[in-house]
Amino acid sequence: MKCEDFLKQWQCGDTLTDDMNKHLLECKHCATKLKNYNDMLGYIKTNNYPTKVNVVSDVMQTIENSQNIEKPKPKKITFKQIATISLSVAATLALLLLVQKKVAYTNSVELQNEAIASMFDDVYGYNNQYLSYNELDAIEYFLENYEE
């Protein structure tokens, strides 16, 4: 009999079969496990441990019997924490202002490019519907270098 089979049969019932007794004689590991289990059961039975433990009532009784339960003190905010928070807020605001200026500059450049593209349509008859900034550079280069 294998140890696994012995343990499965032993868990199903406390009675030992002939095969299980034979296995215990051959296997010291399982014999030690069974002996420890029986010793622990005997120890529990002889020391009259309660069969039912009511944790909630025991805890409540302990709380009622205690005279002073210390309340945790609120943490004080230190100068270091205030300085760290202030610097973080200042850095975030500076970043937001920088991003806002960059977006405003980009929008300004786009508006100028659109105005230039509309001038090409008026002056040279180009269709500005699909012109981009790079195409405007190419057209400007072409006009400067190849105009007669």
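From the N terminus on, the elements run α-α-α-α-α-α. Please keep in mind that this is a predicted model.

Some totals to begin with. Of the 148 residues of the protein, 9% count as buried. The protein exposes about 13,700 Å², and carbon and sulfur atoms supply 59% of that area. If you take the contacts with a separation of 6 or more, residues 24 or more positions apart account for 12% of them.

Now the core. Which residues make up the largest nonpolar core? There are 7 residues in it: Phe6, Trp10, Met20, Leu24, Cys27, Cys30 and Leu34. Helices H1, H2 and H3 each supply at least two residues of this core. One member, tryptophan 10, touches Leu16, Met20, Lys33, Leu34 and Tyr37, leaving aside residues up to four places away in sequence.

Next, helix H2, which spans residues 18-26. Which residues of H2 are buried? They are Met20, His23 and Leu24. These residues lie on the same side of H2, because they cover an arc of only 100° around the axis. As a general point, an α-helix has 3.6 residues a turn, so residues three or four places apart point the same way. The cover over the buried residues of H2 includes helix H1, residues 3-12, and helix H3, residues 28-46. On the other side of H2, Asp18, Asp19, Lys22, Leu25 and Glu26 are exposed.

Let me take one residue from each side. Histidine 23 has a relative accessible area of 5%, and the cut-off for buried is under 20%, so histidine 23 counts as buried. What does histidine 23 touch, not counting residues up to four places away in sequence? Its contacts are Met1, Lys2, Cys3, Phe6 and Cys30.

Lysine 22 has a relative accessible area of 53%; exposed means over 50%, so lysine 22 counts as exposed. The C-alpha atoms of lysine 22 and methionine 1 are separated by 8.5 Å, with the two residues 21 apart along the chain.

On to charges. How many salt bridges does the count come to? The count is 1 salt bridge. In this salt bridge the side chains of aspartate 39 and lysine 35 meet, at 2.8 Å from N to O. Both residues lie in helix H3, 4 residues apart, or about one turn of the helix. Is aspartate 39 partly exposed or buried? At 42% relative accessibility, aspartate 39 counts as partly exposed. Lysine 35, with a relative accessible area of 51%, is exposed.

Last, the surface. Val55, Val56, Val59, Met60 and Ile63 form a nonpolar patch there. Together these residues have about 450 Å² of accessible area. Where is isoleucine 63 found? Isoleucine 63 is in helix H4, which covers residues 55-65. With a relative accessible area of 42%, isoleucine 63 is partly exposed.

Terms used
Residues are numbered from 1 along each chain as its sequence is written. This is a predicted model: local features need pLDDT of at least 70, side-chain atom pairs count only at pLDDT 80 or more; totals for chains, interfaces and linings use all residues. Side-chain values use heavy atoms; hydrogens and water are left out. Patches are made of residues with over 30% relative accessible area and no salt bridge: like charges are joined within 9 Å, nonpolar side chains (Val, Leu, Ile, Met, Phe, Trp, Tyr) within 5 Å. Accessible areas come from the Shrake-Rupley method with a 1.4 Å probe; for residues, only the protein chains shown count as cover. A salt bridge is a side-chain nitrogen of Lys or Arg within 4 Å of a carboxyl oxygen of Asp or Glu. Buried means under 20% relative accessible area, exposed over 50%, partly exposed in between (1.4 Å probe, protein chains only). Contact means heavy atoms within 4.5 Å. The arc is that of the directions from the helix axis to the C-beta atoms. A nonpolar core is a set of buried Ala, Val, Leu, Ile, Met, Phe, Trp, Tyr and Cys residues joined through side-chain atoms within 4.5 Å.
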